[in-house]
Amino acid sequence: MLPETFEQSIWSALSRPGPALPVLEGDMAADVAIVGAGFLGLSAALHLAELGVRTVLLEADVPGFGASGRNTGFVVPSLKTALGPADVGASLGEVFGERLVDLVGMSGDIVFDLIRRVGIECDAEQSGWMQPAHTAAIASVLERRVAEWQRRGRGVEMLDGAEVARRTGSTRFHGALFVPSGGQLNPLAYARGLAGACLDAGVSLFAESPVSNIARRDGKWLLSSRKGRVEASRVFLATNALTGRLAPELDRSIIPTRVFQIASQRFGPEEQARILPTRSPIADTRRHTFAVRWSPDGRLLTGGLVLPGPNRLNRAEAVFTRRLEEFFPAAGNMIAEHVWTGVIAATLDALPRFLSLAPGLDAAIGCNGRGVALTTSLGREIAGLLAGRVTAGEFVLPHVRPKAVPMRTFAEAAPYVWLGWSEFRDRRDLRAADT
């Protein structure tokens with residue numbers, strides 16, 4: 001069993017305390033009750049309150065405690081490498097595919113505009129996001145992706161290898177897709193800032209109030225916690241990878257995947273001028289992605305998957321410091337001064353889902369590592385739906401029933417089987433590119 005690492009993250013060290021929040025006590029009523037105060041739940045609650053909807057938000061721990069407050073803080077207005085706009089349409093249908101692609105394309109600006117509008121202090125930098133190609137063949141794939149986005153009017157660029165080397169400090173790449181509207185932020189500070197904005201907008205927000213049961217009574221939904229209950233016309237579950245027994249049908253529809261992160265020792269201005277000098281975070285096209293950024297206090301952050309077994313945190317430290325040394329050898333030995341872990345929700349096709357569990361009981365899942373931009377944007381759209389501003393047919397995603405991941409117990413091991421195979425193929429690709 002891994003120890004709890006929330007307090008060990010760089011973000012816990014750098015972030016101001018969040019707003020003081022009460023525990024739910026007694027009975028209360030709402031138009032909409034939301035469960036889970038990660039980015040998705042916080043964004044949906046904030047936008048609902050701004051539309052005049054009486055909203056209660058219940059969090060089992062504190063806002064940002066899950067994957068929202070533990071990730072690397074990339075703002076990525078893109079989907080996975082294998083998913084171009086045409087692929088999304090093939091999976092969701094042309095109408096919903098185009099809607100999701102449009103929302104993803106706007107998602108970077110949606111995040112940074114919201115931060116500026118409500119005044120969240122979270123070290124936000126709209127410095128762009130870069131996806132470097134680890135082989136020349138993948139660079140050709142990215143060129144086609146860039147062309148697809150440009151045909152849709154998005155300011156996405158293709159950088160050549162020399163420009164990528166200048167912007168990253170590494171000569172290992174063969175070009176890159178660059179999205180100027182992306183960037184980076186402190187994700188825990190962002191979650192806490194969203195919580196404060198929710199309170200200012202009139203959301204009734206409760207911490208340390210885990211929901212133990214959801215039941216239908218007299219045409220309403222009744223949510224029970226340890227010391228209180230909420231009666232609501234509609235319920236939205238934003239629990240993602242931490243749903244558990246509250247909604248087993250929902251939980252079975254995702255693959256919970258544990259991800260590890262490290263933050264290095266601090267580096268001075270000289271190193272920061274050589275490595276990622278434009279401060280654009282990068283996530284390359286390897287199957288086991290190499291992703292890296294600067295923290296606000298001058299540390300390199302990276303992470304990914306680590307095989308199950310003993311001493312996982314120690315192995316994460318060893319694996320990811322070695323990766324940093326390989327990509328930036330001039331920086332010398334890397335020391336992981338912060339190591340932490342969290343769980344994300346993955347779907348089989350790497351696309352999000354809007355799920356209808358029962359009339360008036362909905363959920364959304366599966367941002368697949370694109371959480372900051374996609375959940376913030378999707379939360380805004382969900383608010384419009386729950387407030388009655390758009391119909392199900394006008395919404396960005398189709399309403400579907402939860403569909404259990406086949407052989408879920410074995411599926412949970414799939415990312416780690418995939419990890420070994422993917423790292424082998426990544427090495428093979430690089431060897432072939434060097435010959």
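Where is the place of Arg279? Arg279 sits in the loop between α9 and β13, and we will come back to that loop below.

## About the model

This is a predicted model, in which local features need pLDDT of at least 70 and side-chain atom pairs count only at pLDDT 80 or more, while totals for chains, interfaces and linings use all residues. Residues are numbered from 1 along each chain as its sequence is written, and side-chain values use heavy atoms, with hydrogens and water left out.

Helices (H or I, at least four residues) and strands (E, at least two) are DSSP runs, numbered from the N terminus. Buried means under 20% relative accessible area, exposed means over 50%, and partly exposed lies in between (1.4 Å probe, protein chains only).

Let us start with backbone angles. Most residues other than glycine have a negative phi. Leu276 is not a glycine either, and its phi is positive at about 45°. Leu276 belongs to the loop between α9 (269–274) and β13 (282–283), and Leu276 is buried, with a relative accessible area of 1%.

## Helix α11

Helix α11 covers residues 371–386, 16 residues in total. From its first C-alpha to its last it reaches 21 Å, close to the 22 Å expected; the expected span is 1.5 Å times one less than the number of residues. The helix is mostly covered, with 13 of its 16 residues buried. Just after α11 comes Gly388, which takes a positive phi of about 80°.

## Strands β12 and β16

Strand β12 (residues 255–266) pairs with β16 in the antiparallel sense over 10 bridges; two strands pair if DSSP finds at least two bridges between them. One of the contacts joins Ser264 to its bridge partner in β16, Ala336. Strand β16 (residues 336–346) has nine of its 11 residues buried, so it is largely enclosed by the rest of the structure.

## Cysteines

The structure holds zero disulfides, a disulfide being a pair of cysteine sulfur atoms within 2.5 Å. For Cys122, the nearest cysteine sulfur is that of Cys198, 14 Å away. Cys122 counts as buried at 2% relative accessibility, and Cys198 is buried with a relative accessible area of 0%.

## Salt bridges

Side chains of opposite charge can pair when their charged atoms come close. A salt bridge here is a side-chain nitrogen of Lys or Arg within 4 Å of a carboxyl oxygen of Asp or Glu, and by this rule the count comes to 20. Among them is the pair Glu50 and Arg117, whose closest N and O atoms are 2.9 Å apart. Glu50 lies in helix α2 (residues 39–50) and Arg117 in helix α4 (residues 94–118), so this pair ties together parts that are 67 residues apart in sequence. Glu50 is partly exposed, at 37% relative accessible area. Within α4, Asp113 and Arg116 lie three residues apart, about one turn of the helix, and they form a salt bridge with closest N and O atoms 2.8 Å apart. Asp113 is partly exposed at 42%, whereas Arg116 counts as exposed at 53%.

Asp297 is in the loop between β14 (291–294) and β15 (299–304), 31 residues from Arg266. Arg266 is exposed at 56%, while Asp297 counts as buried at 17%. Salt bridges that share partners join Arg266, Asp297, Arg299 and Glu337 into one network.
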